[in-house]
Structures are given as structure tokens and as C-alpha cells.
Protein chains: 2
Amino acid sequence: MRRVYLTNIPRKEALKRFLERVEIPRRREEIPVSQALGRVTAEPVLARTSMPGYHAAAMDGIAVLAEKTFSASDQNPLLLEPQRDYRYVDTGDPLPEGFNAVIKIEDTQAREDGRIEILAPATPWQYVRPVGEDVVAGELIVPALHPLRPQDLGALLAGGVAAIAVLAKPRAAIIPTGSEVVPPEAPRKKGSVPDFNSTVIAAYLQEWGADPAILPIVPDDRVRLRSAVEGALAEYDLVLIIAGSSAGSEDFTASVLEEVGEVLVHGVATRPGKPTILGSAAGKPVVGVPGYPVSAYLSLEWFVRPLLYRYRGEPEPERERLPVTLGRRVVSQLGVEEHVRMTVGYVEDRFIANPLTRGAGVTMSLVRADGVLIIPEESLGYEQGETVELELYRPASALRYNLLAAGSHDLIVDLLATALKERDPRLALSSSHLGSMGGIAAISKGQAHLAGVHLFDPETGEYNLPYLKKMLPERSDLILVNLAYRMQGWMVPPGNPDGLQDVRDLAEKKISFVNRQKGAGTRLLFDYLLKQNNISPREIDGYEREEHTHLNVAAAIAAGTARAGLGILSAARAFGLDFVPVGEERFDLLMTESFYRSPAGETLLATITDPAFIGQVEALGGYSLRDAGTVYR
Amino acid sequence: MRRVYLTNIPRKEALKRFLERVEIPRRREEIPVSQALGRVTAEPVLARTSMPGYHAAAMDGIAVLAEKTFSASDQNPLLLEPQRDYRYVDTGDPLPEGFNAVIKIEDTQAREDGRIEILAPATPWQYVRPVGEDVVAGELIVPALHPLRPQDLGALLAGGVAAIAVLAKPRAAIIPTGSEVVPPEAPRKKGSVPDFNSTVIAAYLQEWGADPAILPIVPDDRVRLRSAVEGALAEYDLVLIIAGSSAGSEDFTASVLEEVGEVLVHGVATRPGKPTILGSAAGKPVVGVPGYPVSAYLSLEWFVRPLLYRYRGEPEPERERLPVTLGRRVVSQLGVEEHVRMTVGYVEDRFIANPLTRGAGVTMSLVRADGVLIIPEESLGYEQGETVELELYRPASALRYNLLAAGSHDLIVDLLATALKERDPRLALSSSHLGSMGGIAAISKGQAHLAGVHLFDPETGEYNLPYLKKMLPERSDLILVNLAYRMQGWMVPPGNPDGLQDVRDLAEKKISFVNRQKGAGTRLLFDYLLKQNNISPREIDGYEREEHTHLNVAAAIAAGTARAGLGILSAARAFGLDFVPVGEERFDLLMTESFYRSPAGETLLATITDPAFIGQVEALGGYSLRDAGTVYR
């Protein structure tokens with residue numbers, strides 16, 4: 001049929017097979033030392049000249065011939081004649097001919113007749129920087145394969161080395177493919193896929209010391225791909241072919257590679273990253289990079305980074321490892337090594353990690369990730385509460401300042417992330433969108449610092465507190481801090497073509513609806529509206545269709561796959577939708593009393609009560625922060 | 001008088017005073033996302049468009065309307081008509097109008113008549129990537145003050161953001177001063193000091209995100225300095241004035257700064273780094289950087305780095321800390337915070353650290369340093385064997401592979417550093433030149449992995465082993481591994497003007513001599529030659545003058561401050577000196593049996609017996625590696 005994975009071999013074995021068969025031959029180039037920061041030496045560098053190049057005064061004072069001062073003492077001061085017996089020298093001055101020591105200026109007494117009195121003898125070579133004290137000619141300054149740091153540049157220049165042989169950066173060709181693929185800046189149109197992978201891959205390659213070039217996009221055409229690959233092989237040290245997202249382009253990559261060289265690996269037992277192709281042509285490494293961005297970047301890190309570090313003669317930097325408690329269960333498939341991106345926070349004296357979406361197409365999961373959980377092939381995954389080890393993308397010391405927000409999603413929480421960082425650069429706020437109920441559960445289990453909740457209780461007419469008392473009656477240490485009141489309403493296409501005014505219209509006019517996930521406050525609100533009006537969920541077209549955020553609901557309506565959703569004004573505005581208000585609701589942050597009193601909690605409170613922040617949020621429309629910071633317990 | 005330190009305040013207080021009074025105002029600039037790697041966002045960035053921008057197939061297969069497939073089952077296969085009931089889709093294709101689910105190609109059976117049979121129903125929206133799954137319009141992609149990584153660029157492009165507002169790099173002016181200072185490439189002449197500090201400072205500033213410019217060197221002239229500073233203040237965000245090495249230039253800096261602005265701190269209670277000037281002019285930070293390189297770089301790190309990180313809104317990266325055992329005593333002065341550069345190795349299951357030279361002029365100490373020991377003002381230092389905490393320049397994980405060489409210095413040890421790194425990029429060999437006797441002591445105390453020794457025993461006529469047996473009779477775990485035989489001889493000015501042939505000439509002709517330090521094998525050889533010829537050390541002019549390496553001895557002779565020294569051929573050659581051979585000596589490496597058998601020991605043995613390495617060393621002249629690798633015990 002269509003796509004066939006030729007192999008399904010473990011990642012480490014694939015790497016071994018690849019590294020055994022390909023190599024980027026080292027080339028060298030001569031560059032000025034002043035431009036060599038970060039470059040890697042191609043050979044050991046010895047000093048050409050000495051620094052200092054002469055015996056130099058190491059203090060401000062007078063140069064003397066020590067042997068002539070031996071008689072000086074408190075009882076028997078010695079008078080030195082200018083020129084003959086002493087000369088003034090400043091630090092760094094060459095020691096004048098015929099002198100072999102320096103006496104510090106504060107140990108001398110100048111007399112009006114020009115003579116100088118000393119009360120102690122000098123020992124030969126005191127306060128003299130001998131020739132070559134810093135660098136001596138012939139001395140090794142840096143070995144070969146040494147990445148040059150600022151101080152190395154100084155030592156090289158001190159040693160009279162103005163130009164230096166460094167490894168040339170390997171030239172890497174990036175070939176995007178796929179008839180549906182268009183340059184990232186091209187106007188978006190349905191069915192075309194913008195090529196942002198090339199930019200990201202080029203950036204990674206740059207970080208790993210290569211010199212990347214993005215070649216023109218090649219459509220799904222075997223002949224044109226072959227000619228592009230052959231052209232690249234002639235000019236570059238390393239060729240990366242990015243598959244389009246369609247199956248076709250990947251097949252072309254494999255078969256073209258078989259024609260011009262050899263496929264060593266096609267298919268790796270990982271998720272994501274499986275459809276990776278590793279090959280060799282004209283002795284050069286050729287990699288078929290998967291089209292899905294997360295797969296692409298992981299596969300690059302697994303197979304291209306080692307190649308580039310080997311070229312530099314440097315060990316690959318190891319990621320810091322951190323034992324963390326799993327906030328949620330993480331399942332995995334037997335026979336596949338899974339790489340799950342995770343967020344990490346430090347809650348109640350332990351590191352808690354939660355998985356991000358596993359979709360290989362979700363670049364944002366790599367943006368949000370604090371680390372990765374590697375689940376070995378033979379594992380079925382881990383239970384909630386288990387301790388597992390992560391490889392960190394950010395240092396553990398920084399993760400201590402990660403604030404985990406769970407619960408309901410609101411745009412204000414995003415703005416809060418920036419406002420907190422501006423107050424304290426160490427603070428990073430990351431959100432998982434679990435809905436209000438999920439947020440309460442996360443806080444109760446110590447898996448998050450704060451949770452957005454907006455749960456209307458029909459019995460009391462009150463928000464949030466009744467749910468908290470019902471769900472966690474024993475937890476007197478939890479408090480609710482008001483963030484905002486916000487307007488909920490119907491999001492509808494511009495002009496409200498169906499004339500939606502209230503929930504009855506939805507049922508009666510069979511307007512195609514998109515719902516929020518179970519446990520979301522907005523979903524509970526919707527259920528409440530249905531119940532109030534005696535409408536059964538079955539009467540709603542699309543009741544089962546769930547999205548996880550207000551923005552995703554709005555996106556579905558904007559895309560025309562639904563005609564109505566319940567959500568907030570700012571989300572409707574982001575997509576140019578019309579908005580029919582339903583009512584104002586209270587949006588609180590649930591947290592422990594101890595977090596509230598912590599330095600981070602104090603910064604949070606200061607931020608949400610700051611008039612600048614309030615102004616910024618209210619300008620979005622649909623929000624009132626009149627009670628922000630009020631505590632309910 | 002001359003130089004006066006106006007203040008002597010603790011480093012942290014100086015920093016506080018400086019940061020309270022100066023600020024680099026944030027400027028922003030708009031740049032293409034493709035060029036934004038490593039730059040810092042100036043504002044929160046929200047997605048402009050959604051990715052995918054339409055509902056897209058998440059699998060290769062067929063698009064269907066789920067509701068039409070509900071009847072399909074094993075017992076009751078359903079036949080789908082092309083176009084009407086299904087359409088082929090590849091991963092990433094937009095879902096055709098009127099369809100709401102994808103069935104994987106492997107779950108379908110194509111029939112010859114074009115119809116497709118399915119055996120199970122599809123649920124609505126299965127295998128569909130909904131609009132905005134990756135990034136949804138309006139969503140926060142990155143907060144303000146976020147340093148952009150490769151994956152961030154991908155998410156930005158995915159979110160339709162092609163250009164982005166980032167913080168402009170602060171412009172920093174570097175003004176070298178001093179009438180004796182010349183550009184680093186200028187031909188060396190006596191009394192002129194090459195300005196390599198500017199290059200190093202520019203490199204540090206670049207690493208910290210600034211945009212440095214090196215301005216022309218200003219001689220010691222108050223008027224010209226003032227006009228250079230005023231010019232820089234008009235154009236740059238930050239002005240650094242590097243003092244020349246003479247006292248004069250520093251005084252000019254302070255007094256010019258008083259004229260154009262304000263001196264906040266002049267003199268910090270640290271060593272090195274004391275003569276730092278911190279000031280403010282036209283609201284901009286102005287720093288008077290000390291002229292000695294080590295002082296300059298440390299002071300830059302203490303006072304300029306925090307300023308630049310504050311500009312970026314990022315916490316300063318913290319150095320890893322490591323408890324180490326002190327291999328040598330380290331003394332310190334009360335009232336001064338000392339920063340001692342240290343080498344670190346992992347010997348016999350513990351990290352051992354040894355101080356490097358403390359000279360503020362010795363750039364090589366920063367090149368060689370693995371970390372720094374900060375001795376607080378109130379401490380007098382630490383004893384050998386004490387555990388202290390270092391701030392590391394290189395990660396502890398890398399330092400585990402640091403090989404510490406102690407003992408006698410030889411150029412081969414430098415070549416070995418490169419050869420080992422080529423075999424195993426993790427291995428770094430660092431040497432401290434302690435002389436043969438010092439090397440034996442270091443090995444016996446577990447402070448080094450290997451020590452170069454060349455100790456002739458007149459009684460037995462044998463090398464090294466007799467000393468080992470005499471000094472450490474109980475240590476049966478130590479072995480000697482031969483590295484080379486090398487020629488020792490008299491190093492004399494070209495043409496051997498004094499006609500030096502043997503040690504008697506030295507005494508008789510009163511030839512000015514430069515000796516090696518006590519405990520050096522070469523010094524013992526010299527003492528043996530004196531004794532053999534019944535010459536007293538008092539008869540030798542310069543017997544007390546000591547240098548620590550062969551190269552430094554050669555440098556002294558080349559500089560004309562001595563006319564003879566004892567040393568090796570390669571050192572004489574490095575300085576173009578003549579060489580009168582005295583005899584061949586055995587140069588062994590002392591190590592423990594357990595190190596010899598360790599992986600690093602094996603790599604060492606493989607290296608010194610490798611014909612390529614042997615060829616390289618013997619080409620230097622004066623060496624024979626005919627017995628390299630032979631073990632003596």
C-alpha cells in the first residue's frame with residue numbers, strides 16, 4: 001500500500017548504526033582571534049611570544065639594584081642617588097637596565113634634593129613580573145578541540161597569537177519537501193502547510209555549531225527531489241530532508257536516498273519521532289526528518305546533535321536529571337520508547353510533574369515543556385504519585401520558581417504570567433487547562449499552586465465556596481482569592497446569523513454547538529442553563545463535541561464547523577465573533593493558605609491588585625477586577 | 001601622593017550601591033522571527049492565526065461523515081461510495097466540507113469498483129486535528145522577557161507571527177586607556193603593553209547579550225579622556241574605561257568621571273579586582289575596569305553582568321557549587337574577599353582542588369581554572385585537607401574526567417593533553433608544575449592522577465625508583481610508567497658567547513645563571529653536577545634565582561637577564577637559544593596501580609604508545625620514546 005516502515009529499531013541502536021557509518025570530515029580555517037569566541041581549536045596552540053616580554057615593575061615605586069641596598073635599615077637609612085641608584089617606575093614599566101628589584105613607593109621617602117631614603121633592603125627580583133609570568137613563549141595556551149571562551153582569547157593575544165586555526169562549521173543543507181508546503185511568511189490558505197520546521201531546525205543546528213542553509217521547498221516529485229539532494233550533497237557536509245506532512249513525501253525521501261546512497265535506518269521505535277530516516281550518500285550523512293514538528297526536533301536531537309558534537313570533539317552536554325512526583329498517570333505502549341514532554345513545579349516541598357499533550361504536531365508542547373519523561377520500551381507507563389526521573393530542559397534551580405496554574409483557562413492567567421515575570425524574573429507561570437473541577441482536584445493533591453475556578457452553585461446562588469466545602473470539607477487550609485468577574489455569553493458567527501438569544505434557541509433552532517470538556521465551569525454553567533429551561537442534552541446538536549479552552553471553542557466557530565459556543569468575551573473578540581452576554585461570573589484562584597503567605601503568593605497578590613495590571617485586563621473587555629485580591633474562606 | 005583608593009567597600013555592597021543608582025533603559029526593536037534566536041521578547045506575544053488553520057486529517061485514510069457509519073460492524077460491513085461517502089485524505093489535508101471524521105487507511109478495504117468497505121463505525125471528529133490544536137489565535141505563545149529558543153521560533157511562525165518586538169542589545173563602549181597601551185596586533189616592543197583586555201571584555205559582553213564596540217586607545221591625558229568619555233556617553237548605553245597598567249590612567253578615570261558624572265565606588269574590598277571604579281554619568285553606568293586582566297574580568301562579572309541580566313529581565317545564571325578537598329593550604333588576608341582560581345580533579349573518589357597562581361596579571365590562571373574559591377573577608381584561609389565549596393566554571397560531571405598532572409613540567413605533557421582529548425573528548429589534562437619531588441608528594445596524598453618525575457640517584461645510577469622507595473617505602477600501590485628519555489643541557493644565548501661547555505665554566509667564568517625551584521629534578525641534577533665537581537652553590541652567580549619551568553628559564557636567557565640555565569632542548573628551541581647537551585634522563589609518570597588500570601589510565605597508555613604520538617614528540621628533538629609505556633615497580 002502506502003507508507004511502510006522498513007525498520008522499527010531502538011533509538012540507541014539506530015544512533016550506533018548511523019554513527020558507525022557516517023562522519024563529517026573535519027575542515028579547518030584560519031580566523032582572527034578577535035572573532036574566535038565560541039569556535040573550536042583545530043590544533044594545540046602554543047604561545048609565540050612571552051607576556052610580559054620583559055621584566056616589568058609589578059608595583060609603582062623605584063627600581064633599584066638589590067645588592068646596593070643590603071645595608072639599609074631603620075638604624076642606618078640609605079640614601080639613593082637619582083638615575084645612578086634608582087629610577088621611578090610605574091606598574092608595568094620595563095625594569096631599567098642594571099636594576100633588578102622594585103621598592104614600593106610607600107616604602108620610600110623622597111627628599112628635596114632628589115635623593116630617596118630607604119629603611120630596608122630589597123631582595124633581588126622583588127616586585128618584578130618576570131618575562132613570561134603570564135604566558136611564556138612555547139607554552140601550551142589551549143589544546144586542540146577546545147571551545148574558545150573570552151579568557152582564552154586574552155591568553156592567545158597575550159601569547160602573540162593573532163590568528164588561529166579553528167574547525168570550520170559544518171555546512172548543513174535543509175531541504176523542505178511537500179507539494180502542500182509553503183514558505184512560513186506566505187499568506188495562509190486552506191490546504192497549504194507553512195514550513196516553519198526549516199527555521200527551527202536551522203536554529204538548532206546553529207546552536208550546535210553548524211552553518212545551516214535552508215534550500216528551496218521541493219514538491220512531491222521524485223526527480224526534483226533527487227536533483228535537489230544531489231545538488232546539496234555536492235556542496236554541503238550534511239543533508240537534512242524534511243518530509244512534508246503527507247505520506248508521499250516521506251516515501252520519496254527514502255527511495256531517493258536509496259538511489260543516491262544507502263538507507264541505514266527507516267523507522268525508529270520511539271514516539272514521537274518514529275518516521276525518521278538515517279542514511280549515507282557520498283560518505284555524507286543524510287537524514288530524513290519527520291514532518292511533524294515535535295518528531296522533527298526530537299529526532300534532530302537524537303541523531304544530528306551527536307554527529308555535530310563528535311565533529312567538535314566535545315562530549316554532548318548532559319541534561320540535568322530530576323526525580324519528580326507524577327501529578328497524573330502516564331501510560332505508554334509496549335515496544336515503543338515514549339518521550340513525554342512535562343511541566344514541573346515545586347509544590348509543598350516536592351517537585352510535581354504533569355504531562356503535556358503528546359500530539360507530535362503540537363509545537364507549543366515543546367515551548368511549555370520543562371523536561372521530558374523517557375518511558376522505556378518495556379514499560380507500560382507510570383501511576384499518579386509515582387516518582388520518576390525527568391531529563392530537564394530548564395535547570396532544577398529555576399523550576400523551583402515555576403508556578404503551576406491548573407483549573408479553568410482564562411486569558412488573564414496568560415497576562416499574569418508576563419506581569420509576574422516583570423516583578424520577579426525568576427517566576428514562571430505555566431498553566432494546564434483542567435477545568436474548574438480538575439483544578440480543585442489538583443490543588444487538593446498538591447499538584448498545583450493555584451487553580452482558576454468559576455463554579456456557580458444553583459442552590460445558594462454563590463460561586464466556588466459551596467463546591468469547595470462540598471468537595472473538600474476537611475481542607476480548612478484552602479482559600480479562594482478573587483481574580484476577576486468576567487462576562488460569559490454565546491459566541492456566534494459575526495452578525496449572529498441564527499439569531500441566538502438564549503439556550504432555548506439552541507435547542508429549538510438546532511444550532512450546531514461546540515461544548516467544553518467535563519468539569520469545566522463553563523460546561524457546568526451550560527448544564528445549569530439547560531436544566532433551568534428543562535432542555536435535555538440530547539436536544540443539543542454537538543453537546544458531545546468538546547474543546548478544552550475558550551479560544552478553541554471560538555476557533556471552531558470561526559472555522560465554520562460549529563455555529564455557537566458558550567465562552568468569554570475576549571475569546572470571541574480574538575476571532576471576530578459576535579457575543580451575546582449571558583451573565584457575569586466570579587473567577588477565583590484557589591490556593592493553600594501557605595502559598596498565599598509565601599513570597600511568590602505575595603508577589604501574586606501585589607500583581608493582581610496593581611492598577612496597571614487591572615487597567616490592562618479591563619481593557620480587554622468583559623472583565624471587572626473590582627474585587628481582585630479579596631479572600632474567601 | 002599617587003594612587004589613593006577612595007573606598008574599600010565589600011563587593012556586594014558596592015554592587016547594591018551601583019544597581020540602585022544606574023539603569024540601562026530598555027529599548028526595543030522589531031526583527032524577523034527567523035533572526036530572533038537568543039533574543040529576548042519585549043512584550044507578550046499572542047498567536048495571530050491558528051495552527052492548523054482548518055480541521056485537518058491526523059492520519060492517512062478516508063474522510064467520512066461519522067453519523068453515516070454508525071451501522072458498520074464485523075457482521076454488517078458498510079460499503080462507502082467514493083465522493084459521496086468518503087474521500088481519500090493524507091495526514092495534514094483539510095477535512096473536506098461535509099465530513100467530520102477520518103478512518104485510518106489500514107482499517108479500510110478498497111474494492112475494485114472504487115467503493116470502500118469498513119467494519120466499524122467512526123466517532124465524530126476521530127483522527128481529526130481540530131483548528132488551533134497546535135496554536136490557537138489569541139493564545140499566549142511566549143511571555144515578555146523570554147529568551148527565544150529554537151522551538152519558540154517554530155511556535156511563533158505557527159501562530160502567524162513573522163516579526164517580533166525584542167529588546168535591543170545594550171550598546172557598550174569599551175575605552176582602552178594608557179599611553180603605554182597599543183593595539184593587540186601591533187608589533188611588540190619593550191615598554192608597550194598590548195591591549196588584549198578590550199577583546200576579552202567585548203567577548204564577555206557579547207555572551208551577556210550586549211553589543212560592544214571597542215573605541216580607540218586614549219593616552220594618559222585628562223582632556224582627551226574626558227572628550228572620549230563624553231563622546232561615548234552620547235552614543236552608548238554603558239561605558240567601560242579600561243585603566244592602563246600604570247597608576248596614572250586609573251586616576252584620570254576617577255577624576256574625569258567626577259567631572260562628567262559621579263563616582264559611586266572607587267575601590268572594592270576584593271583581591272583581585274580592588275581598583276574598580278563604579279560610577280554614573282548622564283544617568284548611564286560608567287565602569288572603570290582595572291588594567292590587570294584577571295582583575296578586569298572578575299570585576300566585569302561582578303558589576304556589569306548583573307546590569308545586563310537585569311536589562312534582559314533574566315536571573316543571572318548561578319554557578320554550580322561543589323564541595324572539594326583542598327590539596328594545598330590557601331591563605332587569605334583579613335578584610336579582603338579573595339577570589340582564588342582553582343583546578344579540580346576527581347582522584348580516588350573525591351574532588352581535589354588546588355589553587356592556581358593568584359597574580360592578577362596571569363590570564364592563563366583563568367584559562368586553566370575549573371572554578372573559583374571565594375574566601376570571605378573575615379577568613380584567614382583554609383588548611384590543606386579541609387573541605388571547601390567552589391563555584392565551578394565547568395560542570396562537576398565534566399570535572400570527573402579531569403586528569404590532574406603534578407610534578408615536573410615537560411612539553412610532552414602539553415602534547416598529551418591534546419592527544420588524550422582526541423581519543424576521548426571528555427578527558428582534560430591539567431598540569432601544575434611542582435617539580436619531581438612535589439609530584440611524588442602530590443601522588444602520595446591523592447592530590448593528582450599522575451606526576452612527571454626525573455630524579456637521578458647518584459648512588460645507584462638509576463632514575464626515580466630509588467627516590468620512590470626512599471620517600472614512600474610503604475606505598476606498594478604506586479608504579480612508574482616511562483614517558484620518554486629526554487636530553488638535558490645548558491641553554492645559552494645564540495652562539496654560546498661565554499663558551500659554556502660544562503658546570504666548571506659556570507663557576508670559573510662567573511656566568512650569570514638562572515636556576516629551577518627546589519624539588520625540581522633539573523635542580524637536583526644541577527646540584528649533582530656541582531657536587532661531582534666540588535663546586536659550592538655560592539660560586540654560582542644566580543643560584544638563588546628560581547624559575548618554575550624550562551620555558552621560563554629559557555625566556556630569562558632570551559631576555560638577557562641571565563646567560564645560562566639548565567633545561568631541555570625543546571625549551572631552548574622555543575626561544576632560539578643554543579643548547580649544549582649534558583645527558584639523557586628518564587622521564588617517568590608516577591601513578592597508582594588503580595589509576596593505571598582505570599579506563600582513563602588505559603587511554604593514557606594507548607596514547608603514549610601510539611606511533612603517531614611518538615612521532616610527533618620525537619620530531620620536537622631531544623626526546624626518545626623507545627621505552628614509553630614500560631612499567632617500573
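A residue is buried if 20 or more other C-beta atoms, placed from the backbone, lie within 10 Å of its own; it is exposed if 12 or fewer do, and partly exposed in between. Helices (H or I, at least four residues) and strands (E, at least two) are DSSP runs, numbered from the N terminus.

The exercises concern a predicted model, in which local features need pLDDT of at least 70, side-chain atom pairs count only at pLDDT 80 or more, and totals for chains, interfaces and linings use all residues. Residues are numbered from 1 along each chain as its sequence is written, while chains are lettered from A and ligands numbered from 1 in the order in which they are written.

**Exercise 1. Determine which residues of helix 14 of chain A are buried, and what they pack against.**

Step 1. Helix 14 of chain A spans residues 550-558, and nine of its nine residues are buried.

Step 2. By name, the buried residues are A:H550, A:L551, A:N552, A:V553, A:A554, A:A555, A:A556, A:I557 and A:A558.

Step 3. Two residues are in contact if their C-beta atoms, placed from the backbone, lie within 7 Å. The buried residues of helix 14 pack against strand 34 (478-492), strand 35 (513-516), strand 36 (546-547), strand 37 (564-568) and helix 15 (569-574), which belong to chain A.

Step 4. After helix 14 of chain A comes A:G560, with a positive phi near 85 degrees.

**Exercise 2. Describe the largest nonpolar core and the surroundings of B:L240.**

Step 1. A nonpolar core is a set of buried Ala, Val, Leu, Ile, Met, Phe, Trp, Tyr and Cys residues joined through C-beta atoms within 7 Å.

Step 2. The largest such core has 186 residues, and B:L240 is among those with the most contacts inside it, as are B:I175 and B:I201. Helix 6 (residues 293-312) of chain B supplies the largest share of this core, 11 residues.

Step 3. Leaving aside residues up to four places away in sequence, B:L240 touches B:A172, B:A173, B:I174, B:I175, B:I201, B:V287 and B:V289.

Step 4. A second, separate core has 185 residues, including A:I174 and A:L524.

**Exercise 3. Explain how chain A and chain B are related and how they meet.**

Step 1. Copies are superposed by least squares on the C-alpha atoms of residues with pLDDT of at least 70 in both. A rotation of 180 degrees with 0.0 Å of shift along its axis places chain A on chain B, with an RMSD of 0.1 Å.

Step 2. This is therefore the relation of a two-fold axis. In chain A, the C-alpha nearest the axis belongs to A:E320, 5.9 Å from it.

Step 3. The contact takes 100 residues from chain A and 99 residues from chain B. Helix 2 (residues 150-158) of chain A gives the most to the side of chain A that touches chain B, with eight residues.

Step 4. The copies meet through the same surface, because 99% of the interface residues of chain A are also interface residues in chain B.
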